[in-house]
Amino acid sequence: MPAIGARAWRRTARALLFLACLAPLGVLLADGLGGRLGADPIRATELRTGIWGLTILVVTLAITPLRRLTGWNVLGGYRRMLGLFAFAYITLHFLTWFGVDQFFAIRYIGKDIVKRPYITVGFASFLLMIPLAFTSSAAMVRRLGKRWAPLHSLVYLAALGGIVHFVWEVKADLSEPTRYALVLVGLLLLRFVPRRLVRPRAARPVAAAVLPPSVEPTRAA
């Protein structure tokens, strides 16, 4: 595939992915304006933003195993965008609870974080994601050097905390958080599979035709 065609393909794919990540927010705004968020719109907003943040986070974590299994290194170029979108939705989830639900009642919120375990875990996971988001740029990768990868491995702990927060919050129907937990466990297990067992063969003509090689450097999540 010509270099110009490859660059155009990547720009198009990035634009489509960007719009796909924005779509849930657009649906939320449309439902809010149309009065379709149910009897408790604040609760509905908290649930939607939290679920979308966790979903995009798990998809982000799946990129490195997919790269190792398929050899499609171009996928690594989308990891930062997905990670930042996951952080954005989780931030909206937190701000909806902090500003709209609790109305910035700092003293009450502090007691709530300490006394209610699901809020404690969720808040800790959110705090853990802040330094990861602010060190995701190429400049920070270069500045941190070898320390970058161990730091960003903490994203698995943040995802695990998000799932525990989800389980404790829904309480009754555990089917959805259980699916997230199973996917996360699978992704963690793939990290311990030796690279020689998952490294793709040298000749991958079909993959090369579908996904052109990336020119961007990639690192392990």
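Select helix 8 (residues 155-170) and helix 9 (residues 175-191): their crossing is left-handed, meaning the near helix is turned anticlockwise from the far one by less than a right angle. Helices here are DSSP runs of H or I, at least four residues, numbered from the N terminus. The two pack at an angle of about 160 degrees, with axes 9 Å apart; axes are lines fitted to C-alpha atoms over the stretch in contact, and angles run from 0 to 180 degrees between N-to-C directions. Helix 8 and helix 9 are therefore roughly antiparallel, the label for angles over 145 degrees.

Now show side chains. On helix 8, residues including Tyr156, Leu160 and Phe166 meet a set on helix 9 that includes Tyr180, Leu184 and Arg191, where contact means heavy atoms within 4.5 Å.

Next, select helix 2, residues 41-70. Look for a kink of about 30 degrees at Ile63, shortly before Pro65; that bend is the angle between axes fitted to the seven residues ending there and the seven starting there.

Finally, colour by pLDDT, the predictor's confidence in each residue, from 0 to 100. The chain's mean is 83, and 85% of residues reach 70 or more. Over residues 202-221 the pLDDT is below 50.

This is a predicted model: local features need pLDDT of at least 70, side-chain atom pairs count only at 80 or more, and totals for chains, interfaces and linings use all residues. Residues are numbered from 1 along each chain as its sequence is written, and side-chain values use heavy atoms, leaving out hydrogens and water.

Notes. The expected span of a helix is 1.5 Å times one less than its number of residues. Angles under 35 degrees count as roughly parallel, over 145 as roughly antiparallel, 65 to 115 as roughly perpendicular and the rest as oblique.
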